[in-house]
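Here are my notes on this entry, as numbered points. Please read them with the structure open.

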Amino acid sequence: MDKILTEVYLPASGRTYEIYLSGDMYVYEAVQLLSDILSEISGGFFCGSGSDVLCSREDGRIYDFNKKLNELGIRNHSRLMIM
């Protein structure tokens, strides 16, 4: 399992978190995992809705739920955003 260190920005709180994800993980799995983690650590600023999306923080591109992170070019220090 390839672990990648990502920087995940949460607009609801205005904070950035460094989170390890598996490169073999599908985007929909990453969204669920991030929603769970960020709901807990954000102090109530974020509550996963089931319609959350994972985006590139660089250009705002929404990632395809049915692709794996490594297929999308997400690598160590990729800057992501969940909304």
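1. The largest nonpolar core holds 20 residues. Within this core, Leu 21, Leu 34, Leu 38, Leu 54 and Leu 69 touch the most other members. Bear in mind that the model is predicted.

2. Which elements each supply at least two residues of this core? They are β1 (3-10), β2 (15-22), α1 (27-41) and β4 (79-82). The helix α1 gives the most, with 5 residues. As background, nonpolar side chains in soluble globular proteins tend to be buried together.

3. On the overall fold, the chain has 1 helix and 4 strands. Read from the N terminus, the order is β-β-α-β-β. The radius of gyration is 11 Å, close to the 12 Å that the globule rule gives for 83 residues, so the chain is as compact as a globular protein of that length. Along the principal axes, the C-alpha atoms fill a box of roughly 30 × 25 × 25 Å.

4. Burial and contact range come next. Of the 83 residues in the chain, 41% are buried. Take the contacts between residues at least 6 apart in sequence: 54% of them join residues at least 24 apart. The accessible surface of the chain is about 4800 Å². Carbon and sulfur atoms account for 47% of that surface.

5. How many aromatic pairs are there? The count is 1. The pair is Tyr 26 with Tyr 28, and its geometry is stacked. The ring centres are 5.7 Å apart, with 20° between the planes. Planes under 30 degrees apart count as stacked, so this pair falls in that class.

6. Are the two partners buried, exposed or partly exposed? Tyr 26 has a relative accessible area of 29%, so it counts as partly exposed. Tyr 28 is at 40% relative accessibility, and therefore also counts as partly exposed.

7. Arg 57 lies over the face of Tyr 9. The distance from the ring centre is 3.8 Å.

How values were computed. Residues numbered from 1 in each chain as written. Predicted model: local features only at pLDDT ≥ 70, side-chain atom pairs only at ≥ 80, totals over all residues. Heavy atoms only, no water. Phe/Tyr/Trp six-rings, centres within 6.5 Å; stacked < 30°, edge-to-face > 60°. Buried < 20%, exposed > 50% of the residue type's maximum accessible area, 1.4 Å probe, protein only. Lys NZ or Arg CZ within 6 Å of the ring centre and 35° of its normal. Core = buried A, V, L, I, M, F, W, Y, C linked by side-chain atoms within 4.5 Å. Rg over C-alpha atoms; globule rule 2.2 N^0.38 Å. Contact = heavy atoms within 4.5 Å. Areas by Shrake-Rupley, 256 points an atom, 1.4 Å probe, with all protein chains shown as cover.
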